[in-house]
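The model is a predicted one.

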Amino acid sequence: MKESQTLTLERWRRFGFDQQVMLIANEMHRGLHSMNPEQRPSLQLVYERVLHMLGLTVAGKIERNQRRELLRWKGVVGQLYLGNEADPAQHREALKILLQLRPALASQVEALGL
């Protein structure tokens, strides 16, 4: 069974919103190591996990503005997922934007060299 299939809304709700965003960002960061064409299947799995975690996050109790921003960001990840080739620049930019959504996580942008 895949990890994303075992991640339930109940389990996901145990994390605070900042933690949820950080876990999603961690998965996106993991995807940076799968940008070669032969690693496309691994990158697709990263995007699937990210989309799953995003779905759980927006299904939880979050503010309306937070939900709106995450749903916009989800569209970007959806485009990356559907793309024929990996787009490292767009992937990095998406990760940067995600981290900048939360003031507590914005310092990670510089730390990760984004």
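D87 is partly exposed, as its relative accessible area is 30%. This residue sits in the loop that links α5 (64-82) to α6. The side chain of D87 comes within reach of the backbone nitrogen of Q90, at 3.1 Å.

Once residues up to four places away in sequence are set aside, D87 touches M35 and L80.

## E48 in helix α4

Helix α4 covers residues 40-59 and contains E48. With a relative accessible area of 33%, E48 is partly exposed. The side chain of E48 makes a polar contact with the side chain of Y81, at 3.1 Å.

E27 lies 21 residues from E48 along the chain, and 10 Å separates the C-alpha atoms of E48 and E27.

Is Q20 buried or exposed? The relative accessibility of Q20 is 6%, so Q20 counts as buried, the cut-off for buried being under 20%. Q20 belongs to helix α3, which runs over residues 17-31. Leaving out residues up to four places away in sequence, Q20 touches W12, R13, F15 and T57.

F15, one of the residues that Q20 touches, is found in the loop between α2 (9-12) and α3. F15 is partly exposed, with a relative accessible area of 32%. Apart from neighbours within four places in sequence, F15 is in contact with Q20 and L23. F15 and L56 are 41 residues apart in sequence, while the distance between their C-alpha atoms is 11 Å.

Where does R102 lie? R102 is in the loop between α6 (88-100) and α7 (107-111). The relative accessible area of R102 is 19%, and the limit for buried is under 20%, so R102 is classed as buried.

The side chain of R102 has a polar contact with the side chain of D18, at 2.5 Å. When neighbours within four places in sequence are left aside, the residues in contact with R102 are F17, D18, V21 and Q66.

## Q108 in helix α7

Q108 is part of helix α7 and is partly exposed, with a relative accessible area of 29%. Beyond neighbours within four places in sequence, Q108 is in contact with M22 and L99. Q108 and N65 are 43 residues apart in sequence, and their C-alpha atoms are 22 Å apart in space.

## The chain as a whole

How many helices and strands does the protein chain have? The count is 7 helices and 0 strands, and from the N terminus the elements run α-α-α-α-α-α-α. The radius of gyration is 14 Å, close to the 13 Å that the globule rule gives for 114 residues, so the chain is as compact as a globular protein of that length. The C-alpha trace spans about 40 × 35 × 20 Å along its principal axes.

Among contacts between residues at least 6 apart in sequence, 62% join residues at least 24 apart.

## Surface and charge

Of the 114 residues in the protein chain, 37% count as buried; Q20 and R102 are also classed as buried. The accessible surface of the chain amounts to about 6,900 Å², and carbon and sulfur atoms account for 50% of that surface.

The protein chain carries 16 positive and 12 negative charges, and the mean positions of these two sets are 8 Å apart.

Key. Residues numbered from 1 in each chain as written. Predicted model: local features only at pLDDT ≥ 70, side-chain atom pairs only at ≥ 80, totals over all residues. Heavy atoms only, no water. Helix = DSSP H or I, 4+ residues; strand = E, 2+ residues; numbered from the N terminus. Rg over C-alpha atoms; globule rule 2.2 N^0.38 Å. Buried < 20%, exposed > 50% of the residue type's maximum accessible area, 1.4 Å probe, protein only. Contact = heavy atoms within 4.5 Å. Areas by Shrake-Rupley, 256 points an atom, 1.4 Å probe, with all protein chains shown as cover. Lys, Arg positive; Asp, Glu negative; His and termini not counted. Charge placed at Lys NZ, Arg CZ, Asp CG, Glu CD. Polar contact = N/O pair within 3.5 Å; in protein donor to acceptor, adjacent residues only side chain to side chain.
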